[in-house]
2 protein chains.
Amino acid sequence: MKFEAVTIKDIAKALGLSTSTVSRALRDSYEISPETKKLVLEYAEKINYRPNPIALSLKEKRSRSIGIIVCEIANSFFSQIINGIESIAYDKGYNVIIAQSHESYDRELINVQYLASRSIDGLLVSVSSETKDLEHLQSLHARGLPIVFFDRIVEDIDTHKVTVDNFKGAAEATAHLAATGHKHIAALANSEYLSITRERLAGYKEGLAQHGLPYDESLVKYCPHGGLIYEEVEQAMDELLSQKKKPDAIFATADKLTTNCLRYFKARNIRVPEDIALLGFSNIDLTELLSPSLSVVRQPAFEIGQVATNLLVDLIESKRPVKDFETQVLQPHLFIRESSLKKTKKK
Amino acid sequence: MKFEAVTIKDIAKALGLSTSTVSRALRDSYEISPETKKLVLEYAEKINYRPNPIALSLKEKRSRSIGIIVCEIANSFFSQIINGIESIAYDKGYNVIIAQSHESYDRELINVQYLASRSIDGLLVSVSSETKDLEHLQSLHARGLPIVFFDRIVEDIDTHKVTVDNFKGAAEATAHLAATGHKHIAALANSEYLSITRERLAGYKEGLAQHGLPYDESLVKYCPHGGLIYEEVEQAMDELLSQKKKPDAIFATADKLTTNCLRYFKARNIRVPEDIALLGFSNIDLTELLSPSLSVVRQPAFEIGQVATNLLVDLIESKRPVKDFETQVLQPHLFIRESSLKKTKKK
DNA sequence: CTGAAAGCGCTAACAT
DNA sequence: ATGTTAGCGCTTTCAG
C-alpha cells in the first residue's frame with residue numbers, strides 16, 4: 001500500500017499553470033506576480049502540499065541526512081551524545097541515521113559502507129574498539145565525504161575532531177585515588193587501539209607520578225570490547241586480583257568497564273570501597289543510586305554531540321574545501337562519591 | 001564540498017554501452033549476454049559503483065526508510081527496543097530515522113510531520129505521555145501510511161500493535177507486594193492518557209483484589225511526564241507520604257518512575273525495603289547493582305522492537321491494503337530482588 | 001510574468 | 001541482445 005502525495009504537477013493542473021510557475025511561486029520567486037503567488041500558496045496550503053524531499057535530494061545531490069556511527073546506543077554516554085547531535089541536526093534541517101558497530105570492526109565497515117551508499121551528506125564517527133585499519137573511512141574522506149570524529153578519534157585522518165581532555169580527567173581521577181591513600185591503583189582499560197585509552201592511560205600515569213607512585217605494567221589490563229562483554233572484565237579482574245601485588249583501587253576507563261567492575265565485586269562479595277576502591281569514566285544517570293554510589297569522571301556528552309554536529313554541518317555547507325581542521329577539547333568532571341572514599345576513614 | 005559518486009552513465013560511457021544495458025546487466029537481467037554482464041560487473045566493481053538510493057527512491061516511490069517515534073532514546077527500555085528494530089530493519093534493507101518526543105505532544109506532532117514529509121515508508125510509534133489527540137497520526141494512517149504502535153498503543157487507530165501483558169505484569173507485581181505482607185500498596189503511575197497506565201493500574205487492582213486488599217484511590221498518583229522530570233515524582237511521593245494512610249510499598253509503572261522513586265528515598269534517607277518497599281517496571285541493566293537491588297517487572301524490549309518491525313515491513317510490502325490487524329502481546333517478567341523483600345523478614 | 005524543456009540517476013516499456 | 005525514450009518530482013535555464 002502506498003500513500004500518494006500531492007505534487008507540484010497536481011497544483012499546476014488544478015490551477016491551469018505550468019509546473020515551473022508553481023515551483024517559482026512556492027519559492028516566492030521575484031518573477032511571479034503577487035496574484036499568482038497568492039493563488040498557488042493558498043491552494044498548496046489547502047491540499048496540504050509538501051515538497052518531495054527525495055526529488056529535491058536527487059536534484060541538489062544532497063540528502064540532508066547525516067550518518068552516525070557509535071558502538072552502542074544503549075549506553076548512556078552515547079545516547080546522550082546522540083541527543084546532542086539530534087538537537088543541532090534538527091535545527092539545521094538534517095535528519096540523522098544511526099548505526100551501531102557493537103564494538104566490531106566488521107560491523108563498522110558494513111555500516112560505513114551502507115551509510116555512504118545511502119548518500120548521506122556527512123558522517124559522525126566514534127570508531128569501534130576493534131578498529132585499527134582506517135581504510136574504509138580514509139577512502140570516503142579522500143573522496144570528499146565530510147567526516148567528524150568524536151570521543152574515539154583517530155590520528156591518521158585530518159578532519160575536525162571533538163573529544164574531552166581525557167588526560168586531565170584520568171590524571172585527576174588517579175590523583176584522587178592516590179590522595180586518598182591508595183598505593184596500588186590498577187587501570188582497567190579499554191582496547192589499546194583507541195585514542196581515549198592511550199590518553200586516559202597517560203593521564204593515569206601522570207596521576208600516579210604526581211603522588212610518587214610507580215607505574216607498574218602488571219596493574220594495567222585491557223578489555224578489547226570495552227567491557228561490553230562481562231566475561232572480559234571478569235577475566236581482567238581475576239588476573240588483577242590473583243597477582244601477588246593486589247590492587248587496592250581500580251581506575252576504569254569506560255562506562256561499561258566501570259559498571260561491570262562493580263558487578264564483578266558484587267558477585268564476589270568484595271566490598272567497595274572497604275576492600276577495594278573504584279572510580280571510572282561513566283555517564284550513567286544512576287551513579288548516586290548504586291551501592292556504593294559511584295565516583296566517576298563524567299563527560300559533557302550532550303555538548304560533544306552538539307559541537308561535533310555543528311562542525312560537521314559547517315563542513316557540509318562550506319563552499320570550498322576546508323583545509324584548516326580543528327580538534328575541540330571539552331572538559332570532563334570528576335564526581336567523588338562513596339566508591340572511592342578515603343581508605344583511612346573506612347576500615 | 002561534494003563527493004561525486006560514479007553513475008550508471010559513467011559506466012555506459014566508458015564501456016560504449018547504453019545506460020539501460022548497464023542497468024540491466026547490473027541487475028542480472030536475462031536479456032543481457034553473459035559477456036556484457038561480465039564486462040559491466042567487473043568494471044562496476046573496479047570503480048566501486050554504488051547505485052544511488054535517492055534516484056531509486058524517486059523512481060520506486062519508496063525510501064526504504066522507516067520512522068520511529070519514542071519519548072527518549074536515553075532510556076534503556078527504548079534503546080533496547082530500537083536495537084530490536086534496527087536488527088530487523090537492516091536485515092530487510094531499511095534504515096531507520098529516530099525522533100524523540102521527550103514526552104511532549106507538540107514535539108511528537110512536529111516529528112511526525114517531519115518524518116512524513118521525509119517520505120518514510122512506514123512509522124513505528126510509541127506515543128508521548130501528553131498525547132490525547134490522535135489526529136496527526138489518524139490522518140496519515142487514513143492516507144495510507146503504514147503505522148505500527150508499540151508499548152504505548154492507542155485504541156482509536158486500527159492497525160498492528162505490539163505490547164506486553166501489562167495487566168499480568170502489574171498484577172503479579174502487586175500480588176507479590178501483597179503476599180510479602182504489605183497492606184498499603186501505592187501506585188506511582190504514568191500519565192493517565194496512556195494505554196499502559198490504564199492496563200497496569202487495572203493489573204494493580206487485580207493484584208490487590210487477589211489478596212483481599214481494598215483499592216484506595218488516594219494511593220494512586222499520576223506523573224504526567226512519566227517521571228522524566230524528577231520534581232513530579234517528588235511531588236507525588238510527598239503527597240503519598242504525607243497522607244494519614246501512609247503506603248508501606250510503592251508499585252511504579254515505568255522505568256523513570258521507578259528509578260526516580262528510589263532517588264527520592266535516597267534523598268530523604270528512607271530505607272528500602274525496611275521503611276517502604278519498591279517494585280516497578282524497569283528495563284535498566286543495573287538493577288542488581290543498585291542499593292537496594294531493585295525488584296522489577298522487565299519487558300522483552302528487544303523482541304518488542306523486532307516484532308513491531310516485522311509487522312511494519314509486512315504492511316509496507318503488502319500488495320493490497322491490509323484489513324486484518326493484529327495486536328501481539330508479549331510476556332513481561334517479574335524479578336524479585338531486595339527492594340521488595342518480605343516485610344516480616346526484615347525489621 | 002509565464003511556459004517549455006532539460007536534467008538529477010535510475011528503470012522499464014518500446015523499439016530494433 | 002542492445003538501444004531509445006519517457007518519466008519519477010523538482011528546479012532552472014532559456015524563450016517568449
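Me: How many salt bridges does the rule find across the interface of chain B and chain A?
Reply: This is a predicted model, in which local features need pLDDT of at least 70 and side-chain atom pairs count only at pLDDT 80 or more, while totals for chains, interfaces and linings use all residues. Residues are numbered from 1 along each chain as its sequence is written, chains are lettered from A and ligands numbered from 1 in the order in which they are written, and side-chain values use heavy atoms, with hydrogens and water left out. A salt bridge here is a side-chain nitrogen of Lys or Arg within 4 Å of a carboxyl oxygen of Asp or Glu. Across the interface of chain B and chain A, the number of salt bridges found by this rule is 2.

Me: Which residue of chain B forms a salt bridge with Glu288(A)?
Reply: The closest N and O atoms of this pair are 2.7 Å apart. The partner of Glu288(A) is Arg263(B).

Me: What is the area buried between chain B and chain A?
Reply: The size of an interface is often given as the accessible area lost when the parts come together. Buried area is that loss for two parts, found with a 1.4 Å probe and summed over both. Carbon and sulfur atoms give 56% of it here, and the area buried between chain B and chain A is about 5400 Å².

Me: How many residues does the contact take from chain B?
Reply: Contact means heavy atoms within 4.5 Å. Chain A gives 60 residues to it, and the count from chain B is 60.

Me: How many residue pairs are in polar contact across the interface of chain B and chain A?
Reply: A polar contact is a pair of N or O atoms within 3.5 Å; within protein, one must be able to donate a hydrogen and the other to accept it, and residues adjacent in sequence count only if both atoms are side-chain atoms. With both residues at pLDDT 80 or more, the number of pairs is 14.

Me: Why does Asn260(A) count as buried?
Reply: Asn260(A) lies in helix α11 (residues 255–267) of chain A, helices being DSSP runs of H or I with at least four residues, numbered from the N terminus. Not counting residues up to four places away in sequence, Asn260(A) touches Gly227(A), Tyr230(A) and Val233(A). Buried means under 20% relative accessible area (1.4 Å probe, protein chains only). Asn260(A) counts as buried because its relative accessibility is 7%.

Me: Which residues come nearest to DNA strand C?
Reply: A residue is near a strand if one of its heavy atoms lies within 4 Å of it. There are 27 residues around DNA strand C, and those that come nearest are Thr21(A), Arg24(A), Lys59(A), Ile8(B) and Tyr49(B). Sugar and phosphate account for 68% of the atoms of DNA strand C that come within 4 Å of the protein.

Me: Which residue has a side-chain N or O atom 3.2 Å from a base nitrogen of DNA strand D?
Reply: Of the atoms of DNA strand D within 4 Å of the protein, 60% belong to sugar or phosphate and the rest to bases. A polar side-chain atom of Lys9(A) lies 3.3 Å from a phosphate oxygen, and a backbone N or O atom of Ala55(A) lies 3.5 Å from a base nitrogen. The side chain at 3.2 Å from a base nitrogen belongs to Lys59(B).

Key:
Helix = DSSP H or I, 4+ residues; strand = E, 2+ residues; numbered from the N terminus. Buried < 20%, exposed > 50% of the residue type's maximum accessible area, 1.4 Å probe, protein only.
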